Structure formats: structure tokens, C-alpha cells
Amino acid sequence: MDKEMENLREKFFKKMASIKNREELQRIRNEYLGRKGIVAQMLKKITSLSPEEKPRIGELLNKIKRDFQKTIAEKDNDFLAENSGKEEQVDISIPGRNFMLGTTHPIELILKYTEEIFMGMGFCIVDGPEIELDYYNFEALNIPKDHPVRDDQDSFYITPDILLRTQTSPMQVRTMESQPPPVRIISAGKCYRRDSIDNTHTPMFHQIEGLAVDKDISLADLKGVITEFCKQIFGKDRITRFRPGYFPFVEPGVEVDVSCQLCQGLGCQSCGYSGWLEIMGAGMVHPNVLEMAGYNVEKYTGFAFGMGAERIAMLKYGINDIRLFFENDLRFLNQFK
Ligand code: PHE
């Protein structure tokens with residue numbers, strides 16, 4: 001039995017020395033320490049030994065078993081450490097993973113710049129609904145049901161009284177209803193008209209509305225504010241021109257042009273050989289509008305203006321197709337860093 005045990009040890013350690021992976025280790029564990037393994041079979045043989053030999057051999061065999069278990073466990077740990085080391089290895093020569101950082105959309109940029117310029121002149125920002133009552137979008141702006149300008153603004157009606165706003169001008173009335181004068185607000189956002197898509201029209205676009213109401217406000221204040229805005233957004237060398245224009249909610253009404261950047265007002269293809277580019281509608285708030293909003297028309301006057309953000313962006317950045325703003329082409333959008 002002693003000789004047998006010696007052979008057992010020798011064979012086991014020899015095999016362990018040549019082991020290469022955990023599968024082989026598992027095989028050896030089963031072979032030696034399994035329920036029907038070599039060690040178990042030898043332990044069984046103890047019953048046939050003499051009473052004097054039993055305890056000595058039993059103890060030796062149990063020691064062998066513990067030694068084998070320990071050796072196998074250590075080897076197993078070695079394999080595990082080796083493998084996990086492999087997983088955690090970092091190859092510092094691999095280039096870092098590039099991740100894309102978004103840029104601000106050009107329309108968002110224009111809205112932000114415009115709001116900042118007007119905030120610098122004492123205006124506050126207000127926000128309004130895109131789903132609007134016919135009353136605010138038309139009626140309260142001096143555009144009754146049968147008024148012909150409604151034809152110009154083919155609208156998306158939800159019910160006969162509710163529509164997607166065709167302009168940001170309803171915010172003039174909503175603001176005046178919610179606060180007493182003086183008022184100085186800017187309100188920018190999406191507007192909707194049933195236009196067919198071409199290089200200057202999309203059914204959804206953005207407008208920026210402005211309103212100032214106080215005692216003694218005149219057309220000169222409007223001219224001053226708008227001229228300053230144009231210089232700040234387009235550059236100091238640009239000049240502005242005010243010519244008569246018609247909007248039912250202003251009187252007098254004006255349309256504002258800015259000198260063409262390409263030809264400095266001389267006339268070229270981009271400005272239709274006029275030297276000027278139209279950028280907004282404006283005027284003195286019509287007394288009917290002030291009155292409907294509940295303001296005292298004897299005491300207060302005001303001016304209002306409205307412009308298309310896409311048009312401002314196209315003029316500022318030299319973009320010739322409005323559809324570019326909504327196509328999400330990264331080659332276009334990435335240019336506005
Ligand atoms: N809301 C007008 C439009 O959409 C622009 C405008 C605003 C004109 C305010 C005058 C005053 O064309």
C-alpha cells in the first residue's frame with residue numbers, strides 16, 4: 001500500500017506538470033478526486049486492512065487527497081489569473097475612439113443671436129403656442145373672417161377655430177392681454193403655411209416677432225431699433241431702407257430692406273438687380289389691435305416687427321436653398337461650428 005501511494009503521488013505530480021489548460025485540469029480532478037476516482041477507490045481498500053494499519057494508511061491517504069486538492073486549486077487560480085490578465089490588457093497604441101459632437105443648427109443660431117441682440121436693447125423673451133386660435137392668429141390682429149390677406153396665408157386648420165399659427169404675430173395680442181404697458185418682447189418659433197416646397201418655401205418655418213408699446217413710441221424708435229439689429233446681425237457696413245408695406249395689424253406699415261452684401265447696393269443677380277434684400281415686415285401697432293387687447297389707445301402707441309429666421313440665416317450665411325435647413329445633411333450642418 002505504501003508503494004502504491006508513492007506511485008500515486010509521483011504519477012499525479014508528473015501529470016500536473018504537463019497540464020496546459022483548465023479542461024485538462026478538470027479531467028485530472030475527476031480522475032483522481034472524483035467520486036469514483038483513484039483516491040476514492042484506494043480509500044475503499046482501507047476496509048480490508050488490519051486494525052493496526054487502518055489509521056496510519058487512512059491518515060496518509062487523506063493527506064494525499066488534501067495535497068491533490070490544494071495543488072489543483074492553485075493551478076486553477078493560475079489559469080484564471082492568466083486569462084483575466086488577457087482581458088484587461090490595454091493596447092495603448094490603438095487610436096482613441098472618435099465620438100461626434102453635434103453643432104447648433106443654423107436656425108437655432110439665428111434665433112439665439114437675435115434674442116441676444118434684442119435683450120441688449122431691453123426686450124424680454126416670451127414663448128407662445130404653435131397650435132393657435134383663429135382669434136389670435138387673425139381676428140385680434142385686425143384680420144376678420146372675410147379679409148383677403150387670409151388667402152395669402154393658406155393655413156392648416158384643425159377645427160374652424162383652431163389652426164397651426166401662420167405667423168408669430170398672435171404673440172403681440174397674447175402678451176398685451178397678459179400684462180399692462182410698457183411692453184418690450186421678442187417671441188420666436190415655428191409657423192406653418194400650406195406652401196408648396198421650393199427653394200424659398202417650406203410648410204414649416206421660423207419667425208421672430210418683436211413688440212414695443214409705451215408712451216410716446218414713434219416710427220423713429222422702430223427705425224432706430226431695426227437699424228441697430230441689422231448692423232449687429234449682418235455687419236456695420238450694411239444699411240437699411242424702410243418702404244411702405246401693408247399688414248392689417250400695423251398703420252403705417254413698412255417693409256425693411258438691407259443692402260445687398262455682394263454688390264453693396266449696386267445691383268446684382270443675388271438681389272434681383274435692386275441692390276436690396278427684403279428682411280422683415282414692421283409698423284406702428286394698429287389702434288384696433290391695441291384696443292382689442294385692452295390697451296388705452298389715447299395714452300399708448302407701439303411698434304411691431306416680424307421676420308423669417310430662415311431668410312435671415314440665408315442672407316447672413318449666403319445659403320441659396322431653404323430646404324438645406326431641414327434635410328439634416330451633416331456636410332451642411334457641420335459648417336456652423
Ligand atoms: N407677421 C407678418 C408676416 O408674417 C410680419 C409682420 C409682423 C408685419 C409684425 C408687421 C408687424 O408677414
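Guide: Let's start with a pair of side chains. Arginine 150 and aspartate 134 meet in a salt bridge, 2.9 Å from N to O. A salt bridge here is a side-chain nitrogen of Lys or Arg within 4 Å of a carboxyl oxygen of Asp or Glu. This is a predicted model: local features need pLDDT of at least 70, side-chain atom pairs count only at pLDDT 80 or more, and totals for chains, interfaces and linings use all residues. Residues are numbered from 1 along each chain as its sequence is written, and side-chain values use heavy atoms, with hydrogens and water left out.

Visitor: Which parts does the pair of arginine 150 and aspartate 134 tie together?

Guide: Arginine 150 lies in helix α7 (residues 149-152) and aspartate 134 in helix α6, so the pair links parts 16 residues apart in sequence. Helices (H or I, at least four residues) and strands (E, at least two) are DSSP runs, numbered from the N terminus.

Visitor: Are arginine 150 and aspartate 134 buried or exposed?

Guide: Both arginine 150 and aspartate 134 are buried. Buried means under 20% relative accessible area, exposed means over 50%, and partly exposed is in between (1.4 Å probe, protein chains only).

Visitor: How many salt bridges does the structure hold?

Guide: The structure holds 21 salt bridges. One of them joins arginine 22 and aspartate 76, at 2.7 Å from N to O. Arginine 22 sits in helix α2 (residues 22-33) and aspartate 76 in helix α4 (residues 53-88), so this pair ties together parts that are 54 residues apart in sequence.

Visitor: How accessible are arginine 22 and aspartate 76?

Guide: Arginine 22 has a relative accessible area of 37%, so it counts as partly exposed. Aspartate 76 is at 14%, so it counts as buried.

Visitor: New topic. How many residues surround the ligand?

Guide: There are 14 residues around the ligand, and the closest are Gln167, Ser169, Arg193, Gln207 and Gly306. A residue counts as near if one of its heavy atoms lies within 4 Å.

Visitor: What does the side chain of arginine 193 do there?

Guide: An N or O atom in the side chain of arginine 193 is 3.0 Å from an oxygen atom of the ligand. A nitrogen atom of the ligand is 2.9 Å from an N or O atom in the side chain of glutamine 167. Taken alone, the ligand exposes 320 Å², and the protein buries 91% of that. These areas come from the Shrake-Rupley method with a 1.4 Å probe; for residues, only the protein chains shown count as cover.

Visitor: And the overall layout?

Guide: The protein is divided into domain 1 (2-84) and domain 2 (106-336). Their centres are 90 Å apart, taken over C-alpha atoms. The bounds come from an automatic or database domain assignment.

Visitor: Where is tyrosine 135?

Guide: Tyrosine 135 is in helix α6 (residues 134-137). Its relative accessibility is 33%, so tyrosine 135 counts as partly exposed.

Notes
A polar contact is a pair of N or O atoms within 3.5 Å; within protein, one must be able to donate a hydrogen and the other to accept it, and residues adjacent in sequence count only if both atoms are side-chain atoms.
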